[in-house]
Amino acid sequence: MTKKTYEEINEKIRAGEAVVVTAEEVISLVKERGTAETASYVDVVTTGTFGPMCSSGAFLNLGHPKPRMRMSKVLLNGVEAYAGIAAVDAYLGATQIPETDPANKSFPGHFNYGGGHVLEDLVAGKEVFLDAYSYGTDCYPRKTYQKTITLKDIPYAVLYNTRNAYQNYNVAVNLSDRTLYTYMGLLKPNLGNANYSTAGQLSPLFNDPCYRTLGLGTKIFLGGGVGYVSWFGTQHSPGAPRGENGVPLSPAGTLAVIGDLKQMSARWLRGVSFLGYGASLMVGIGIPIPILDEEMLKYTAVSDEEIFTPVVDYSEAYPQGTGEVLGRVSYAQLKSGQITLGEKAIPTAPLSSYAGARQIAGILKEWIQKGEFLLTKPAFNLPLTGEGVDYKGSVGGEIS
Amino acid sequence: MREKMVLYFPATVVEQPLTYSLIKDYNLMINILKANINPKMEGRIVAEISGEKKDFHAGLEFLQSRGVRVFPLEQEIVWVEERCTHCGACTVICPAGALVLERPEMIVRFKGDKCIICEHCITACPSRAMEVRY
């Protein structure tokens, strides 16, 4: 019976002897060798996801100009960062849009530039225009400050995302007779398309569905650099119904993550625009799952055929929060390009990049194989049902 | 032969029924996919033109002799690959099958010859990887 500790696995990583495979590769390995043999052979399974994650942003310390200033309003390329914290600190959120953006006054709005795009520009090393205002105090007399800056000029920049890497998500469809413009993309009338946004078998939280190795301090790939799980995310909802394999059947766990923005890359932090909805940020996240025992191996061997998600109508059920589900489909069906609902065949499209997820799992695998990336044991694990957290919102599906 | 073309009409000829001549005098089939006249009175037609090779070339020569500029369609909509995240959101929006997800790789491909320049992809692409160039 396989039993491994974090320390033993890290020892193998340091020695360059750890066997690391991606969450895709482990599926075929298990088919060839069975779970017991694969569990003793494989040390780490890497996962990945690269999709729009709206609850993302960065804490910035903009540095003190002379004379000093208590910035009460901060704009970066015209996008406001929340400055209701200390003197020159601000939080730039991914979905913030410039005050000059007409938003949906001319429907559907284009939202070509927002907080997510500023973050992408910063990590790309581009110049960004800082425009700050203050009411002035005795200790902080300066009232305005304008400067063109780059990420290098910012003393401190930390990505802090409060809801990322959703464990499962609704498939969005439209039962009405008009086009809908949503955060799940454009939904054509009368079940014209079905959009989904999860990497399925590669997605981090599908590979450790009961959070046995995930929690505060788990070291991860974040935006092309190294980050950490810093808490469970907002709307973390571990009590969602689950299949026999432990995998939630509707949106469930989420992560809060943190990492130094300065070591991230514009390849994996990408500003995006949703017609008629708003601006956001695509975030690349990869999480290594240590194979502590055969049970962990079984979890990581989950395939798209065994992961199911609810189909939700975004013309009525979702906006009204009725919790009605039209049916359940597997990620294998979704990825085939077509699902069937009743008699109707509906073409599908992802919003989360599977190719990107695969690449991230591959990069993380390489980091670990090279001995550059060790695994961390969480200080506490993400809460499961009955541990005091159970989101009662109306994300969709059956959460009500 | 059959090809999708973009025809630019200068303001001086925009009111002349040149398409009619293509049909009547050159025996060409014209399937107009898109047409518009800008505020400067210049016209633009995106059309699939088909017929005998000899007629096709003679017809285009006729248009050019009247000042109409003729371009193949592919150059109009450009897929900026480095901006593409390969998410696939465009693939259910494109009505012409020009934007497709290649399976099992799950990589987006743009097949310019199938594009009908409807421009739906321009705003449907979250990372704005599709551009119009004219």
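**Close-up 1. A:R212, a partly exposed residue, and its partner A:D293.** With a relative accessible area of 29%, A:R212 is partly exposed in this predicted model. A:D293 counts as buried, at 9% relative accessibility. The two form a salt bridge, and their closest N and O atoms are 2.8 Å apart. Look at where they sit: A:D293 is in the loop between β20 (288-290) and α4 (294-300) of chain A, while A:R212 is in the loop between β14 (194-196) and β15 (219-222) of chain A, so this pair ties together parts 81 residues apart in sequence.

**Close-up 2. A salt bridge between two helices, A:K365 with A:E25.** Here the closest N and O atoms are 3.0 Å apart. A:K365 belongs to helix α7 (residues 354-369) of chain A and A:E25 to helix α2 (residues 25-41) of chain A, so the bridge links distant parts of the chain, 340 residues apart.

**Close-up 3. The side chains of A:E366 and A:K370 meet.** They make a salt bridge at 3.7 Å, N to O. A:E366 is partly exposed, with a relative accessible area of 42%. A:K370 counts as exposed, at 53% relative accessibility, because exposed means over 50%.

**Close-up 4. A network of four residues: A:K3, A:R212, A:D293 and A:E295.** Salt bridges that share partners join them into one network. Zoom back out, and the structure holds 19 salt bridges over all chains.

Terms used:
Residues numbered from 1 in each chain as written. Chains lettered and ligands numbered in written order. Predicted model: local features only at pLDDT ≥ 70, side-chain atom pairs only at ≥ 80, totals over all residues. Heavy atoms only, no water. Helix = DSSP H or I, 4+ residues; strand = E, 2+ residues; numbered from the N terminus. Buried < 20%, exposed > 50% of the residue type's maximum accessible area, 1.4 Å probe, protein only.
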